[in-house]
Structures are given as structure tokens and as C-alpha cells.
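Here is a friendly briefing on a few features worth a look. Have the viewer open as you read.

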Amino acid sequence: MRLDRLAKFAWFVLGWTVLTIIWGAFVRLSFSGDGCGNNWPSCTGGLFFSASDALPTLIEKGHRHSSAIAGFLVLGLAVFSFFRRKSMPSVFTASIVALVFVIAEVLIGASLVKFGWVAHDTSSERAVVLGFHLANTFVLIGSLALCAAWLSGMARPQWKGQGAAGWALAFGIIGLLMLGVSGAITSLGDKLFPVGTTSEAIEGALNSSSHFLVRLRVLHPLIAVSVGVYLVLITGLLTHLRKNALVSELSKWVAGLFAAQILLGLLNKFMLGPTSLSLIHLLVADAIWVAFVIWGFACVAEGVEKAEQVAPPTADLGRATYKDYLILTKPRVISLLLFTTLTALFAAAGGKPGFVLFFAVAVGGYMAAGAANAINMVIDRDIDASMKRTASRPTVTQKIPSGHALYFAFSLALMSFALLWGAANLLTAMLALAGLAFYVVVYTLMLKRRTWHNIVIGGAAGAFPPLVGWAAFTNELTPLAWMLFAIIFVWTPVHFWALALMIKDDYAKANVPMLPVVHGERATVIQIAIYGVVTAIISILPVFMHPAKGPGVAQLYLWTAVVLNVILLVRCVQLYITIDRPHALKLYKFSMLYLAILFLIFAIDCAIPSGGSVSSTQTTVRHGRLLGGSDGDIRPGFVMKSKECVNGSVI
């Protein structure tokens, strides 16, 4: 068999195996897993089809036949690859791995039948084995995909010298495995415990007395978004750091397929999981896995240029210290972001959120923002080298090599996600990761070097912190939380463009298209004034959403906002009249004070009970889970604080 024919055969084996997996899912969704009783490998009426077979038996037999064919095909691929083992050792290794896992697939299927974990069985054992089943199929088709890709001309992997990229890809693979497992178990719960409406599904998932398969429904969407955000982060970053056409093309497939999968997932939930849509959902999940595995190995293939590798420093700068790594996180930039996170946390809690949660959000929020800034320094080290204020950054001087900076950044991101999930909830961890990915991919990679709109759109990354703080206590995002997001979003251009006016020469030298460089100072000042007016309007809107009814509560925030906005607009007018560095500096400094005071007063306002007292029936929630209460309500995110600013409503 010629090499090109062997490649075609490998792709055929992969396709047949995927279709067999889809057919196996149909067996489960149609409750046909007991079509052969507990007999294996024999079946009711024999191994072959019979006119007397019931429909479930025909479906189960069909799956067993297709699985047997898949097993022989994988065996054939391993045999053919054996003769190529010297010239293509990676192909042979992958084919052997596939053979091992196809055998494991058979054994798992046999255990499901023998122990009766099929059809309408609702045991936890079935869910656990089903999770292993999905992970096993992923490894199987991943191995087959690599066989086909390498036989089609993709270079073999080169693990040495990959640095943080290898670890980033490993976490991506683990994340996709977790997502696949949670999806399989959630699909099982949807079929075993069907509902009539979406609201009924949500209520059942939030009820602690529901079956564990029902309660897991709320977990899968959050895992899906978290993994999706991470995939966006690493595909964007590694595509930038790996100068290779195949890597670039495959990254588009990964991103496109995952976007389609999110839409399919939403449609699946809305339509309450029809069998046909569930099968399509699984097929796309397999396609994402295959695309990601091939893309990942393409990133670490021999001969791929690694853009993060730069020449060593020309001078001996000594070993990096903790202070150098602290510089990577940009602590001065983070301070204001962290302040908005913590004040939003206090606002959501209507007072003290508890020391453990406060500490976790503070540390986890800092690590997420610090990771984003460290990755930003690696990507922008060429720009930083040409700008006076950033030329001494450790990634420019290579006192901290780019690879070490990426290790540091991904370690911070991982610890942040784990801490926020463990101490708060998955929604909080996902939001922090989303802010990180948005800053790195959307702002730094997609917009910063291409358009003056970079800070308008990309600045949304800085608006994620209050969402993180709010979700940490309530485990949900209310309209009031999104209003805090909106305030920072429209405030950012005022703040940043004032700074850009002062350092426009640096940006021009680095060829970064910031607004003062592209359209001049007058156009920039006009835009600042426009966004200043919008900021003033948006900042007042929380007053109309404020639940307090008594005097002196909402008015505290209202009058503070009025005073701050008057000063902000006066500063904008002064800059419009006289465009110079002193006036730009005054606006820049006041904009930071503006945001800090606004969020501080908002938190204080929310902590003051209307009428000066709190109901004796007050119940509190700690990181989204009710701790007590006379009515026994156990809904995540449901907070009873009499006449307080919690979740934007009064109970």
C-alpha cells in the first residue's frame, strides 16, 4: 500500500469510528442498550440480524456490528503502520495507542451491558462509566486523527524546547475531555429525566432534592463557556507565536467549530434535547476534538518557527527576582481593576461578604489580571522595546525570557481559576478567565495594532472585574451588575485617551494606531468629551434600578455621581479649550479617582439598609449558596436581605 493510499485509509478509519460513536449515542438516546439483555458478546436470537428481532435489538446489534468493523479497521491500520515504523515512528505509536483504546472501548461497552447500566438505569455507576466511555472514545479518535494527519504530510512532533506551549495545549486537552464527559452525563440526565419547558429544567437543576443527573444540568453550560474561553485564548496566542500556515488555518477551524457548538448547545437546551440535535451536537464535539488535537500537534511540529524565542540580552542583567515577576503583572494597573472587583463584591453582599471569600476574590482576581498583563508583555515586547516608558520591561531586556513569562502567566491563570471556582463558584472563575482572554485575544492580538477603535472595543476587558465580584457572592449576573460593567466600558476611552494624548509620540514611534496618532489631538479630545457625556448618563442609571425606597440611601450615590460627573465634564471642557499635557494629566488622574469614588459609594449605598434597620428574618448567602432561612429556599444566587441592594431587588 502506497503512503498516499495509507493516508486515505487512515482518514476512512477515523470517519467510520466517529460514525460508530454516533451510533452508540443513538443506542443510548433511544433506550436500546438492553436490546440484547445482559448478553455479551452474544445477543438475543444470535449475533446476526433476524426477522423476529425487536427494534431495540436491531439497533443494539447494528452498533455491535459497526464496532466490530471499527476494531478490525484499527487493527489493519496498526498492521500497515508496522511496516512504516522506522520511517514514521509517530504513526506507528499512534496506531498502537488507537488499538489499545479500541479494545478498551469494547470492554467498557461490555461492562455497561453486563452490569445493566443501560436503557433507563439511573445509577451513579452508569454516569461514571459513561464519563470514562466518552474520554476513551476521545483518545481513540484523537490517535486516529494524528495517524491520518502525519500520513498526510504533517511533520512529527518536537517536544523539546516548546516551553509553556506544551503545558497550555495539555490543559486544553484536559479541558475538552472534562467538557465531553460533562456533556455526555448531562445528555444522559436530559433523556432519563425529561422536562416540558426550559424553566422546569432550570428549577429542577437548582433543587437540591433532585437527582444528581438533573442537578448537573447547570454545570455543563458553564464548563462549556470556560473551556471555550480558554480555547480562544490559547489558539489566538499560539497562532501568533507559531508562524505556520497549517497552525493558522486549523485555529480557524477550532474557533469556528466551537462557536457553532455553543449555538447548537443553546438550541439543544431550548428545544429540550431532541435526539437528532443531540447526535449533531456530539458529532460537532468530535470534530472539535479532532481539529484541536491536530492543531495542537501542528503547533509543536518540527520546523515550526517559535516567535517567542528571541535573542539573549546583550548585557548581563543578573537573575530575575520576585520584583521582576511582579512587574510582569503590572500592579499599578491592576489596583483600580481590583478595587472595582471588591467594591462590587461588597455591593452584591449588601455589606461584609466574609473574609475567606473576600481574600479569594482579591487574590484570584489579581492573578487573573496579572496573567493577562504578563502575556500582553510577551506579545508586545517588540512595541515595548521602541517606547521609552516600556523599554526596560523584563520581557524586553529578556531578564525574564519569554518562555518563563508564559509559564508564569499560565500558572497564575490556572491558580486563579481553581481558587475562584473553589472559594466562590464556577461562574466567577469563568468570568475572570473571560476577561483575561478578551484582553489578550481581542485587544492585544486583534485590535491594538490594527485600528484606533482598539481601546473602545478592547477596553471591555477592564469592565469584567465588577462582574467577577458580583458573581462571587450571588452566583448570577443581574441587570445591576451589567450596569457596573457598562460604566467602566464607557469610562475607559475617557481615561485611556487622556493618557494617549500624553504619550502619543511613543505610540507613533511604535506604529501603534492610537486615536491621537491616527486622527490627531483635536479629534481625540472631541471623542473624550462625547464619552465623558455618555459616562455621566450611564453612571446615573443605577439610581433608577436602586431598590431602596427610603430617603438618604439612593440619594447618597445620586449626589456623589452628580458631583463627580460635573468635575469630569469640566475637566473634559478644559482639555477641549486647551489641549496640552497638564490638562490631559489632570483629566487622567481625576478619571481614576472618579471611578474609585463612584464604586466605593455604590458599595456603601448598597450596604445601608433602608430605614436604618435590617429585618430580623435576614438571610445571607455565601458564594451563591443559601446557608439558612425560614422558608428553606435553596436556589443558588437567591439572597434575602431585607430592603438592601442585593441582586437588584427587594425581598
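**Salt bridges, a cavity and a surface patch**

Lys504 and Asp505 join their side chains in a salt bridge, with 3.5 Å from N to O; the term stands for a side-chain nitrogen of Lys or Arg within 4 Å of a carboxyl oxygen of Asp or Glu. The model is a predicted one, in which local features need pLDDT of at least 70 and side-chain atom pairs count only at pLDDT 80 or more, while totals for chains, interfaces and linings use all residues. Residues are numbered from 1 along each chain as its sequence is written, and side-chain values use heavy atoms, with hydrogens and water left out.

**Salt bridges**

- Across the whole structure, the search turns up ten salt bridges.
- Glu302 and Arg156 form another salt bridge, and their closest N and O atoms are 3.2 Å apart. This pair links distant parts of the chain, 146 residues apart: Glu302 sits in the loop between helix H10 (275-299) and strand S2 (305-306), and Arg156 in the loop between helix H4 (124-151) and H5. Helices (H or I, at least four residues) and strands (E, at least two) are DSSP runs, numbered from the N terminus.
- Both partners are partly exposed, Glu302 with 35% relative accessibility and Arg156 with 44%.
- Lys399 meets Asp324 in a salt bridge at 3.3 Å, N to O. Because Lys399 lies in the loop between helix H15 (394-397) and H16, and Asp324 in helix H11 (residues 322-328), the pair ties together parts that are 75 residues apart in sequence.
- Within that pair, Asp324 is buried, with a relative accessible area of 10%, and Lys399 is partly exposed, with 25%.
- A network of salt bridges links Asp380, Asp382, Lys448 and Arg449.

**The cavity**

- Rolling a probe the size of a water molecule over the atoms shows where empty space is left.
- The count comes to one cavity of 30 Å³ or more. A cavity is a set of points, on a 1 Å grid over the protein atoms alone, where a 1.4 Å probe fits but cannot get out, and its lining residues have an atom within 4 Å of a point.
- The largest cavity holds about 30 Å³ of space, a volume being the space filled by probe spheres set on the points.
- Its lining is made up of Ala368, Ala413, Ser416, Phe417, Ala429, Ala432, Leu433 and Leu436.
- By type, the lining residues of the largest cavity are seven nonpolar, one polar and no charged.

**The nonpolar surface patch**

- Trp167, Phe171, Ile174, Met178, Tyr407, Leu414 and Trp421 form a nonpolar patch on the surface, with about 670 Å² of accessible area together. Patch residues have over 30% relative accessible area and no salt bridge, and nonpolar side chains are joined within 5 Å.
- Helix H5 (164-192) and helix H16 (402-423) each supply at least two residues of the nonpolar patch, with the largest share, four residues, coming from H5.
- Phe171 lies in helix H5 and is partly exposed, at 32% relative accessible area.

Key. Patches are made of residues with over 30% relative accessible area and no salt bridge: like charges are joined within 9 Å, nonpolar side chains (Val, Leu, Ile, Met, Phe, Trp, Tyr) within 5 Å. Accessible areas come from the Shrake-Rupley method with a 1.4 Å probe; for residues, only the protein chains shown count as cover. Buried means under 20% relative accessible area, exposed over 50%, partly exposed in between (1.4 Å probe, protein chains only). On a 1 Å grid over the protein atoms alone, a cavity is a set of points where a 1.4 Å probe fits but cannot get out, and a pocket is an open set with protein on both sides within 12 Å along at least five of seven lines; lining residues have an atom within 4 Å of a point. Ala, Val, Leu, Ile, Met, Phe, Trp, Tyr, Cys and Pro count as nonpolar, Asp, Glu, Lys and Arg as charged, and the others, Gly among them, as polar.
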